[in-house]
Each structure stands twice: as structure tokens, then as C-alpha cells.
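These are my notebook entries on one protein chain.

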Amino acid sequence: MDNILLSAKGISSCYNGREVLHKVSADINGGKVTAIIGPNGSGKSTLLKTLIGIVPKKEGEIFSEGKSTDSMSSLEIARRIAYLPQMKSVPDLTVRTMVLHGRFSHLSYPRHYRKEDLKSVEKAMEITGITEYAEKNVSSLSGGTVQLVFLAMALAQSSPVILMDEPTSFLDISHQIKLMKLCRGIVSEGRAVAAVLHDIPLALKYADNMIVMSNGKIVLYGTTSDVYKSGVLNRVFNVEVKEAAAETGIIYYCE
């Protein structure tokens, strides 16, 4: 049976007074990487923002592990769902301090970090490979490393679900692959990752499930294999997606 950690049931939401999502339903499963793809303006980012509560829903329900988020405080939602936005300002903080921010939803006021908080931070930095930068200022790091710092902050949050909005944008190919491999490692522990991606071959290679969006609706939701075989990617993106055998397995490319 699928381990559904986050579920949307018929949700609609508006952005700047215009309805952007139209009765969207989908599940985010534990142990799976879910890629959310679609043309520009199809509602991908709005879907993530609606799931986390940044954009209020107009109708429908959102469930976290079977419990409606309507009855949850923002802190409880943060303990359940971590969110990496698309546009992020780079703070004037050390890496360790930045990653510690991921523990805020677990702390009472005034904030005093406990042993478990510090342990979570060290583990998150180790997983993302940024321990050596712990005392460096985030603003002094490369774009790829900064993205890993934000991922470490989300991991330190210890939320079962991580939502990422275009996490591979502006990264070179080596950092894109590293980040997607990290996502695969995260879900191997039972967590769920849902990421808005623009690179179709990257999504097909590293994701388990795929949500294909167009004009604020889900055109198809299923395994990456089923989505590829359906031909919907060709129609939605007006390209021809192909696969080929390689020594490392199946590779995908677009024409």
C-alpha cells in the first residue's frame, strides 16, 4: 500500500485575484521522489505554495498523513512539511547558523537549542556534504553549495515531506545530479520529496512519480514510466521525448 504523507483533494487557489489552480488532486508518497512538471505558468509553484499554506486555497482539502491541515497551526505544518522556495535571498550568516534555522518549528520561546537540535544539524550537513563549510558565511559560497545549505536546513527540520520549487535552476549539471541523488537518499529513509523541475530527462531519470500540469490542472499523475509511455509529455511540451539504452541504464532526451 502507498504511504501517502501529503494529499490534495480538489484544491483550487487564486494568485493576484485570478484562479490559478483548478480542482487539483494528487498524493505525495513516502519513499518516493515526485517530479512536478509543466510549461511556464501551468501552476506548479502555486501548487507547492498552496500545499504549504503560503497561498490560501479557495476550495478542497489538504491532508498531512490523513489529518486535514485546516486544523493545524503554522508550526505544526512546518514540522510536517519543509519548503524550499524558488527565489531565496542569501543571508549574512554562517552555514551552521543557517541550518539551525531549520529547527525553529521544534523550539519554544525563548529559543534554546537542545542536543537533539544540534545533532539534527550535524547530520543534515553531513548528508549534504557541507560540514567543511560550517563556519563559513553562506554569502561566500558558490550557488550550488548555497542550494545544498538550504537543503540541509530543510533536512534539519526533520519534516517527513520536503517540497522544492525548481531546486536545480541555475546549477551546473554536476550539482543538478548531486542534488537529485541526495533526494533519492532522502526518500530511501521513508521521507517524501516533491520537486518542481524543468528538465524532463532529469525528472524521468531520478523521480519515481510525476505530476504533469497544464493551465492549472493536472493532466496526468502516475509513475514516471507510465507518464513517459503515455506520450503526454510530447503533447504538453510540444517536444519528442525519447529513451535510449546506455551502460548506466536507460537515458532520456528531447528533440
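Entry 1: I take a pocket to be an open set of grid points with protein on both sides within 12 Å along at least five of seven lines, and its volume to be the space filled by probe spheres set on the points. The model I examined is predicted. On these terms I read about 380 Å³ of space for the largest pocket. Elements that give two or more residues to its lining are α2 (74-80), β6 (81-84) and α5 (143-156). I listed 21 lining residues for this pocket, and those that lie nearest its centre are Ala78, Ile81, Ala82, Tyr83 and Gln157. By class, I noted 14 nonpolar, six polar and one charged residues in the lining of the largest pocket.

**Entry 2: the second largest pocket.** For this pocket I recorded a volume of about 240 Å³. Its lining consists of 12 residues, and nearest its centre lie Gln86, Lys88, Gln147, Ser169 and Phe170. I sorted the lining of the second largest pocket into six nonpolar, four polar and two charged residues.

**Entry 3: the cavity.** I next asked how many cavities of 30 Å³ or more the structure holds. I found one. The largest cavity contains about 40 Å³ of space. I identified its lining as Leu6, Ser7, Ala8, Ala26, Ile28, Ile36, Leu47, Leu51 and Ile211. Which element supplies the largest share of this lining? I found that β1 does, with three residues. At least two lining residues each come from β1 (4-15), β2 (18-29) and α1 (44-52).

**Entry 4: α1.** I found α1 mostly covered, with eight of its nine residues buried. These buried residues are Lys44, Ser45, Thr46, Leu47, Leu48, Thr50, Leu51 and Ile52. Just after α1, I noted a positive phi of about 95 degrees at glycine 53.

**Entry 5: strand pairing around β1.** I traced β1 to two partners. It runs antiparallel to β2, and eight bridges join the two strands. I noted the pair formed by tyrosine 15 and arginine 18, the latter in β2. The hairpin of β1 and β2 has two residues between the strands, and asparagine 16 there takes a positive phi near 55 degrees. With strand β4 (residues 57-64), β1 pairs in the antiparallel sense over six bridges. Here I found serine 64 of β4 as the bridge partner of leucine 6, and leucine 6 is also among the residues that line the largest cavity.

**Entry 6: β4 and β5.** I followed β4 onward to strand β5 (residues 67-68), which runs antiparallel to β4 and is joined to it by two bridges. Phenylalanine 63 has serine 68, in β5, as its bridge partner. In the hairpin of β4 and β5, with two residues between the strands, I read a positive phi near 50 degrees at glutamate 65.

**Entry 7: two single residues.** Beyond its neighbours within four places in sequence, asparagine 29 is in contact with Asp2, Asn3, Ile4, Leu5, Arg191, Ala192, Asn209 and Tyr221.

I then turned to leucine 163, in strand β7 (residues 161-165). Its relative accessibility is 0%, so leucine 163 counts as buried. Setting aside neighbours within four places in sequence, I listed its contacts as Leu6, Leu48, Leu51, Ile81, Ala82, Tyr83, Leu84 and Ala194. Leucine 163 and isoleucine 81 are 82 residues apart along the chain, and I read 7.2 Å between their C-alpha atoms.

**Entry 8: the whole chain.** The protein chain has nine helices and 12 strands. Its radius of gyration is 18 Å, which agrees with the value near 18 Å for a compact globule of 255 residues. Along the principal axes, I noted that its C-alpha atoms fill a box of roughly 50 × 45 × 40 Å. Buried residues make up 48% of the 255 residues. Of the contacts with a separation of 6 or more, I recorded 66% between residues 24 or more positions apart.

Methods. Residues numbered from 1 in each chain as written. Predicted model: local features only at pLDDT ≥ 70, side-chain atom pairs only at ≥ 80, totals over all residues. Heavy atoms only, no water. 1 Å grid on protein atoms, 1.4 Å probe; cavity = no way out; pocket = protein on both sides within 12 Å on 5 of 7 lines; lining within 4 Å. Helix = DSSP H or I, 4+ residues; strand = E, 2+ residues; numbered from the N terminus. Nonpolar A, V, L, I, M, F, W, Y, C, P; charged D, E, K, R; others polar. Contact = heavy atoms within 4.5 Å. Pairing = 2+ DSSP bridges. Buried < 20%, exposed > 50% of the residue type's maximum accessible area, 1.4 Å probe, protein only. Rg over C-alpha atoms; globule rule 2.2 N^0.38 Å.
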